[in-house]
Amino acid sequence: MTHEQKIEQYARGPARLKAALAAVPEEARKWQPGTGKWSAHEIVCHCADSEANGALRIRYLLAEKDPLIVGYDQDVWARKLDYHAHPLEPALLTVEAVRANTTALLRRLPADAWKASGRHSESGSYTAEAWLDIYAEHLEKHSRQIERNLEAWRQVKR
């Protein structure tokens, strides 16, 4: 895929996530498909936190010299930040706002900006190109996870 195609995939992410969540009945939103598996509600809250982190990561890569991009344990965040207690609407609004703001930035980047690099605390070398690869599909991946959760919930309810 070209940068432009990845950016368009990135831009479509919030609509895809909202559509996946809209298909989940209210009573299934906090249902977990297994021990240590996230509910649809937790997935959306994770997306809000991850997208906020991602928006800062690309900015550090583009604006700072050899930035350190700090990793985090997403399962610890879900547990310690009690995602089930967090309201969904602000989480969805966060995803939409962060993506809209970052999409505007991505669309005006010159070609050489994708070479910007730093170091990730867990995986080492980290480039703007790698960032785009990860985040272009991030919400698509989690939308599919919500759809799998819904299917599993329906199977249990039969």
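**Figure 1. Burial and overall dimensions of the chain.** Of the 158 residues in the chain, 43% are buried (under 20% relative accessible area with a 1.4 Å probe, protein chains only). The model is predicted: local features need pLDDT of at least 70 and side-chain atom pairs pLDDT 80 or more, while totals for chains, interfaces and linings use all residues. Residues are numbered from 1 along each chain as its sequence is written, and side-chain values use heavy atoms, without hydrogens and water. Along the principal axes, the C-alpha atoms fill a box of roughly 55 × 30 × 25 Å.

**Figure 2. Lining of the largest cavity.** The whole structure holds 1 cavity of 30 Å³ or more (a set of points on a 1 Å grid over the protein atoms alone where a 1.4 Å probe fits but cannot get out; lining residues have an atom within 4 Å of a point). The lining consists of Val24, Ala28, Arg29, Trp31, Ser39, Ala40, Asn149, Leu150 and Trp153. Helix 5 (residues 128-157) contributes the most, with 3 residues (helices are DSSP runs of H or I, at least four residues, numbered from the N terminus).

**Figure 3. Surroundings of serine 39.** Serine 39 sits in the loop between helix 1 (3-22) and helix 2 (40-63). Its relative accessible area is 0%, so serine 39 is buried. The side chains of serine 39 and histidine 84 make a polar contact at 2.6 Å (a pair of N or O atoms within 3.5 Å; within protein, one must be able to donate a hydrogen and the other to accept it, and residues adjacent in sequence count only if both atoms are side-chain atoms). Beyond its neighbours within four places in sequence, serine 39 contacts Arg29, Lys30, Trp31, Gln32, His84 and Asn149 (heavy atoms within 4.5 Å).

Technical notes. 1 Å grid on protein atoms, 1.4 Å probe; cavity = no way out; pocket = protein on both sides within 12 Å on 5 of 7 lines; lining within 4 Å. Points joined across faces, edges and corners; volume = space filled by probe spheres on them. Helix = DSSP H or I, 4+ residues; strand = E, 2+ residues; numbered from the N terminus. Buried < 20%, exposed > 50% of the residue type's maximum accessible area, 1.4 Å probe, protein only.
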